[in-house]
Amino acid sequence: GHIICGLVCHPDKEHILYPLGCTVVIQELDSKKQTFLRGHTDNVSCIVVSKDGVYVASGQVTFMGFKADIILWDFQKEELLARLSLHKGNVEDLAFSPNSRYLISLGGQDDGSVVVWDVAKREGVCGSPASPRSAGNATVVVCSSCRDEMFVTAGNGTIRVWELDLANRKIRPTECQIGKVKRLMMCVRMADDDNVFYVGTSSGDILQVNTHNKVMTEYGPQKKKFSSGVTALLVLKTGDLIVGTGGGVVALCKGSNYKIMKQIQVHGAVTSLTRRGQGHQVFVGTNECQIYRINYTEFKEELIAACHNEAVHDIVFPFGSSKVFATCSKNDIRVWHTPENRELLRIIVPNVTCHAIEIMRDGRSIISAWNDGKIRAFTPETGRLMYMINHAHSLGVTAIAATSDSKRIISGGGEGQVRIWEIGERTHKLVEVLKEHVCAVSCIKIKKNDQECVTTSLDRTCIIWDIVRFVRKQMFLANTLFKCVCYHPEEYQIITSGTDRKVAYWEVFDGSPIREVEGSVSGTINGMDITSDGVHFVTGGDDHLVKLWNYDEGAVTHVGVGHSGNITRLKICPEKKYIVSVSADGAILLWKYPDLR
């Protein structure tokens, strides 16, 4: 949700498009069905749909000095038509001309050029530096509503109207006169008749510029400016404006004097405003990863989509049920309803990150591990804080697990200690501290009989503990930073994985290695989970792939391609209907469990 103008409503009024990591998501509004456009090698930085709805174009970021691609897609067939590479570093913004003849692209800070592309020939027509040397970078480009040959760029202290001279393959800019007003331009919208365009600024006012004589005719509001800047604009058929601000206000304003007629508050700074059809409905996207729908007549907001806006660190199902699952991230824990893919509960703890969660076997509490060194327990229905264990670990709590009788919690910390806590009705006390690991504990799993647990750590060791006598039983050493571990359901073997990209099988009884298989060609393996019958297991990691394995053969049977960020954790639901994987780009992906009969 942090990409400016990243949420776009398609002209067919049936779909919305938005970027997620390096994929572009097309979602049907009624059925919520999603399709994905994949082709970018790095995060998508801007997205635009042509006026007739035939083409979609998206730009990406890349490493400094390398060329950033613009991809032209066919919307109907959902396929890649062309890669256009000229800009270096990143593509700041894109715009289609009204008849889809040209695509205009704006390079980022290291590139600073504006390029006109011929859509039919799939080639560049001409380019030019986007802003004058006396001004800052241009960040926004918008096309005329009627003429293919005119477009506007705006940025830090600069607004320019450009004319394309196709015969000489040149674009000629005219700097707009805005007097002594110094502004950082954040968004531009062209009126439908092309006579004026409106520019939203970071100072919280709106400039109105005449397209013909390139002079600012007026600006406002004069007295009460919009707080945190005008980040998004919509021009309505009536001449009125809908304004989105960095403070999360969406306001309906008079076109003449910018007087606010109606306004609502949304969660997070508004980054996108897009209208459905003629503007009877408006969609709002915010940087807190929320999408709202507003009906123009009532002007009331309705939340239609929400997700984490930071990396998701863990996912867990309650014992024996696939209907709900919980995920955790920075600032919050969320509980989701699996069949409808909607959020049921949000537990917010501001400014701290939750590293791991577990739902108690009796279903009465969600226990969570936080980077401020506290263990917090919440009720699963209301999200009320039940109890909090302060100073559980000195360098943050990094892993957590609960015994099947729900009376004990085992936690691992950033300093490497494993601690066992007794949980009573209203009390919690520290039973034992197991000091062996010298680096952060990454994963804890407990045996079914609650007498033994296995912990993995980034110090290259994996230890099996007796949690009745509180002694070490076995220790496995490997040249890898262990990230995840699973007991085989019959509990005579464990499988581990980590940064060496190998899946290792170990004998629990004497700690001897059984075998190693290559788990991934590139990138760490961060998460794994095993089915209740022990026939299959899944892994996921920095190669963005979800892999389903046959346990006995140690071979991959299915691969899921979909993530555009590093996979942090994944789980097979208890009834083997779905696999749910979460990733560092804030996405939660639901996979249909393959039919293996």
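## Residue L589

L589 counts as buried because its relative accessibility is 15%, where buried means under 20% relative accessible area (1.4 Å probe, protein chains only). This is a predicted model, in which local features need pLDDT of at least 70, side-chain atom pairs count only at pLDDT 80 or more, and totals for chains, interfaces and linings use all residues. Residues are numbered from 1 along each chain as its sequence is written, and side-chain values use heavy atoms, with hydrogens and water left out.

L589 lies in strand β53, residues 588–592; strands are DSSP runs of E, at least two residues, numbered from the N terminus. Leaving aside residues up to four places away in sequence, L589 touches G562, H563, I579, V580 and S581 (contact means heavy atoms within 4.5 Å).

## The largest nonpolar core

A nonpolar core is a set of buried Ala, Val, Leu, Ile, Met, Phe, Trp, Tyr and Cys residues joined through side-chain atoms within 4.5 Å. The largest one has 18 residues, and V152, I159, M185, V188, F197, V199 and L207 touch the most other members. At least two residues of this core come from each of β13, β14, β15, β17, β18 and β19.

## The whole chain

The chain has 53 strands and 0 helices (helices are DSSP runs of H or I, at least four residues). Buried residues make up 57% of its 597 residues. Along its principal axes, the C-alpha trace spans about 85 × 50 × 45 Å.

Note on methods. Buried means under 20% relative accessible area, exposed over 50%, partly exposed in between (1.4 Å probe, protein chains only).
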